[in-house]
Every structure is written in structure tokens, then in C-alpha cells.
Amino acid sequence: MDAQYWIRTLGLRRHPEGGYFKETYRAQEVIPKTGLPSRFSGPRHVSTAVYFLLARNEYSRFHRLQADELWHFHTGGTLVLHLFSPDKKY
């Protein structure tokens, strides 16, 4: 099954940073900004979950992760990650 199959079957839509996604869960509980580290600009839900898909030859734009993410590989090919430390070392 190709990427278009999963996009249609799971109802994925374009993600602003590249690829396709669908939110599958959002906790009702919210942590207020006052309870979060200063890097957060506002309140955050306790937890969210999404499906995310990069089709062949697509990329996700470089972006800074402010919180931990869990990734689960379901199908497809190799994924290359480029990681930079806080002091900008590759």
C-alpha cells in the first residue's frame, strides 16, 4: 500500500512543516503556562497523539521540539533524522 492509500484511509491532511497528519487524541486536561518551563508560550494539553506520514521524497522542515515526542514506526522505508544539540552541534 502506498502513501496515498494511508492518506485516504486515515483521513490525513497536510501538515504545515511537511508531510501529512491526523490528530487521534487530545487530553481534556490542560497545564497552565505558569506550570510549564519558560520555553512554552502558553498552556498545553497534558497529552496529544497524531498519525504522521512522510511520502517518498518529502521532508519535514527543521523545527525545534519543545516537548518529548514518542514515535511509532508502522510501515514504509527508512527515515533519516538530523539532530542538533542546544549548542547547535550536528
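**Note on a predicted single-chain model**

1. From the N terminus on, the elements of the protein chain run α-β-β-β-β-β. That order corresponds to one helix and five strands. The model is predicted, and the points below should be read with that in mind.

2. Overall dimensions. The C-alpha trace of the protein chain spans about 45 × 35 × 20 Å along its principal axes. The radius of gyration of the protein chain is 15 Å, whereas a compact globule of 90 residues would have one near 12 Å. Of the 90 residues, 13% count as buried.

3. Pairing of S1 and S2. Strand S1 covers residues 13-14, and strand S2 covers residues 20-26. The two run antiparallel and are joined by two bridges. Within this pairing, Arg13 stands opposite Phe21 in S2. The hairpin of S1 and S2 has five residues between the strands, and Gly18 takes a positive phi near 115° there.

4. Pairing of S2 and S5. S2 also pairs with S5, again in the antiparallel sense, over six bridges. Strand S5 covers residues 48-53. Tyr25 has Ala49 in S5 as its bridge partner.

5. Salt bridges. How many salt bridges are there? The count comes to three. Side chains of opposite charge can pair when their charged atoms come close. One of the bridges joins Glu58 and Arg14, with the closest N and O atoms 3.0 Å apart. Arg14 belongs to strand S1 and Glu58 to the segment after S5, so this pair ties together parts that are 44 residues apart in sequence. Both ends are partly exposed: Glu58 has a relative accessibility of 26%, and Arg14 has a relative accessible area of 47%.

6. The other two bridges. Arg26 and Glu23 form a salt bridge in which the closest N and O atoms are 2.6 Å apart. Arg26 counts as partly exposed at 42% relative accessibility, and Glu23 counts as partly exposed at 34%. The side chains of Lys89 and Asp87 meet in a salt bridge of 3.7 Å, N to O. Lys89 counts as exposed, because its relative accessibility is 56% and the cut-off for exposed is over 50%.

7. Aromatic pairs. A search of the whole structure finds three aromatic pairs. Tyr5 and Trp6 form an edge-to-face pair, with 4.9 Å centre to centre and 80° between the planes. Are these two residues buried or partly exposed? Tyr5 is partly exposed, with a relative accessible area of 29%, and Trp6 counts as partly exposed at 26% relative accessibility. Elsewhere, Phe62, Phe84 and Tyr90 form one aromatic cluster.

8. Nonpolar surface. Which residues make the nonpolar surface patch of about 470 Å²? The patch is made by Trp71, Leu79, Leu81 and Leu83. Leu81 is placed in the segment after strand S5. Leu81 is partly exposed, with a relative accessible area of 47%.

Conventions
Residues are numbered from 1 along each chain as its sequence is written. This is a predicted model: local features need pLDDT of at least 70, side-chain atom pairs count only at pLDDT 80 or more; totals for chains, interfaces and linings use all residues. Side-chain values use heavy atoms; hydrogens and water are left out. Patches are made of residues with over 30% relative accessible area and no salt bridge: like charges are joined within 9 Å, nonpolar side chains (Val, Leu, Ile, Met, Phe, Trp, Tyr) within 5 Å. Accessible areas come from the Shrake-Rupley method with a 1.4 Å probe; for residues, only the protein chains shown count as cover. A salt bridge is a side-chain nitrogen of Lys or Arg within 4 Å of a carboxyl oxygen of Asp or Glu. Helices (H or I, at least four residues) and strands (E, at least two) are DSSP runs, numbered from the N terminus. Buried means under 20% relative accessible area, exposed over 50%, partly exposed in between (1.4 Å probe, protein chains only). Rings of Phe, Tyr and Trp (its six-membered ring) pair if their centres lie within 6.5 Å; planes under 30 degrees apart count as stacked, over 60 as edge-to-face and the rest as tilted. Two strands pair if DSSP finds at least two bridges between them. The radius of gyration is taken over C-alpha atoms; the globule rule is 2.2 Å times the number of residues to the power 0.38.
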